[in-house]
Amino acid sequence: MIAPQSIAIGVAAIGVAGKGSESQLLGLTMKIYLPFIILLGLLVYFGTSVL
């Protein structure tokens, strides 16, 4: 799970806080993790039907 505190700390660490960068970072994170979550969900769904 992605905690909002982690996003805030990461944005503050790179020095771009307050420029709407929290939403940009969360959007980038979702673009990376959403396909990963779907892939794992499909693996679990089809893996259980085989066993």
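Is Tyr 33 buried, partly exposed or exposed, and why? Tyr 33 counts as partly exposed, because its relative accessibility is 43%. The cut-offs are these: buried is under 20% relative accessible area, exposed is over 50%, and partly exposed is in between, with a 1.4 Å probe and protein chains only.

A word on the model. It is predicted: local features need pLDDT of at least 70, side-chain atom pairs count only at pLDDT 80 or more, and totals for chains, interfaces and linings use all residues. Residues are numbered from 1 along each chain as its sequence is written, and side-chain values use heavy atoms, with hydrogens and water left out.

Now the overall picture. The protein has two helices and zero strands. Both kinds of element are DSSP runs, numbered from the N terminus: helices are H or I with at least four residues, strands are E with at least two. Of the 51 residues, 8% count as buried. The protein exposes about 4,400 Å², and carbon and sulfur atoms supply 75% of that. Those areas come from the Shrake-Rupley method with a 1.4 Å probe; for residues, only the protein chains shown count as cover.

Back to Tyr 33. Tyr 33 sits in helix α2, residues 21-50. Tyr 33 also belongs to a nonpolar surface patch, along with Leu 25, Leu 28, Ile 32, Phe 36, Ile 37, Leu 40 and Leu 43. Together they have about 780 Å² of accessible area. Patch residues have over 30% relative accessible area and no salt bridge; nonpolar side chains (Val, Leu, Ile, Met, Phe, Trp, Tyr) are joined within 5 Å, like charges within 9 Å. A salt bridge puts a side-chain nitrogen of Lys or Arg within 4 Å of a carboxyl oxygen of Asp or Glu.

Next, Thr 29. Thr 29 is in helix α2 too. At 15% relative accessibility, Thr 29 is buried. Thr 29 and Ile 7 are 22 residues apart in sequence, yet 9.9 Å apart in space, C-alpha to C-alpha.
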